[in-house]
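We will go stop by stop, picking residues and helices as we go.

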Amino acid sequence: MFDPDRNQIQRVGYMLTVSRNQKARRNLVKKNIGPKLLPELSHTELKLLGFSDKSVNTIKTRYMEIAEKELELVRKAGVEIIFKDDPYYPKGLEHIYDPPDFLYMMGNKELLKTEKLAIVGSRDASKYGWQCLDHVVPSICKAGLTIVSG
């Protein structure tokens, strides 16, 4: 069972707070402001980084609460969170621009250590798209690749 420490809770709160505000997120990365420091910034500093008054209020008053609610939902759904510093975090993601600090996962965690292929597409795939998958996926599975989505 996933039992996050305070640092991990802060990291979840950080991502939930900044993920929808790309301007603020870029400014935080440029200034090397991470999960621990974010709630310690003043109202003015947060505004200068690109946060709205509503977001500033959330950061100052509900930062950890939001993270703890998310983690409770994760637990109830049987989902696990894999952080960047976890040995199961996919090594290939370390080489992309701005890799996610954590991933949500369900299922056999050992599969994250195997060779993987991501299949990305529309949630509302066409008939042709499904036919292509029906043709290609069995060969991929027989080759021993693990298919991931996201």
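Select Cys-141 first. Cys-141 is partly exposed, at 44% relative accessible area; here buried means under 20%, exposed over 50% and partly exposed in between, with a 1.4 Å probe and protein chains only. This is a predicted model, in which local features need pLDDT of at least 70, side-chain atom pairs count only at pLDDT 80 or more, and totals for chains, interfaces and linings use all residues. Residues are numbered from 1 along each chain as its sequence is written, and side-chain values use heavy atoms, with hydrogens and water left out.

A disulfide here is a pair of cysteine sulfur atoms within 2.5 Å. The count by that rule is 0 disulfides. Cys-141 takes part in none, and its nearest cysteine sulfur is the one in Cys-132.

Next, pick Leu-133. Leu-133 sits in helix α5, residues 127–142. Helices are DSSP runs of H or I with at least four residues, strands are runs of E with at least two, and both are numbered from the N terminus. Leu-133 is partly exposed, at 27%. Which residues does Leu-133 contact, leaving aside neighbours within four places in sequence? They are Ile-119 and Pro-138; contact means heavy atoms within 4.5 Å. Draw a C-alpha line from Leu-133 to Ile-119: it spans 9.2 Å, for 14 residues of sequence separation.

Move to Thr-146. Thr-146 belongs to strand β4, residues 146–148. Is Thr-146 buried or exposed? Its 13% relative accessibility puts it among the buried residues. Show its contacts, not counting residues up to four places away in sequence: Leu-111, Thr-114, Glu-115, Lys-116 and Leu-117.

Now go to helix α2, residues 22–30. Colour its buried residues: Ala-24, Arg-25, Asn-27 and Leu-28. Look down the axis of α2: these residues fall within an arc of 165°, so they line one face of the helix. The arc is taken over the directions from the helix axis to the C-beta atoms. Turn to the other side of α2 and find Val-29 and Lys-30, both exposed. Then show α1 (6–18) and α3 (43–49), against which the buried residues of α2 pack.

Step on to Asn-32, which follows α2. Asn-32 lies in the loop between α2 and α3. Most residues other than glycine have a negative phi. Asn-32 is not a glycine, yet its phi is positive, about 55°. Asn-32 is exposed, at 70% relative accessible area.

Last stop: show α1 together with α4, residues 53–77. Their axes come within 8 Å and cross at roughly 105°. Axes are lines fitted to C-alpha atoms, for helices over the stretch in contact, and angles run from 0 to 180 degrees between N-to-C directions. The pair therefore counts as roughly perpendicular, the class for 65 to 115 degrees. Select the contact residues of α1, including Ile-9, Val-12 and Leu-16. On the α4 side, pick residues including Ile-59, Tyr-63 and Leu-71. By class, this contact has 10 nonpolar, 3 polar and 3 charged residues. Ala, Val, Leu, Ile, Met, Phe, Trp, Tyr, Cys and Pro count as nonpolar, Asp, Glu, Lys and Arg as charged, and the others, Gly among them, as polar.

Technical notes: Parallel < 35°, antiparallel > 145°, perpendicular 65-115°, else oblique.
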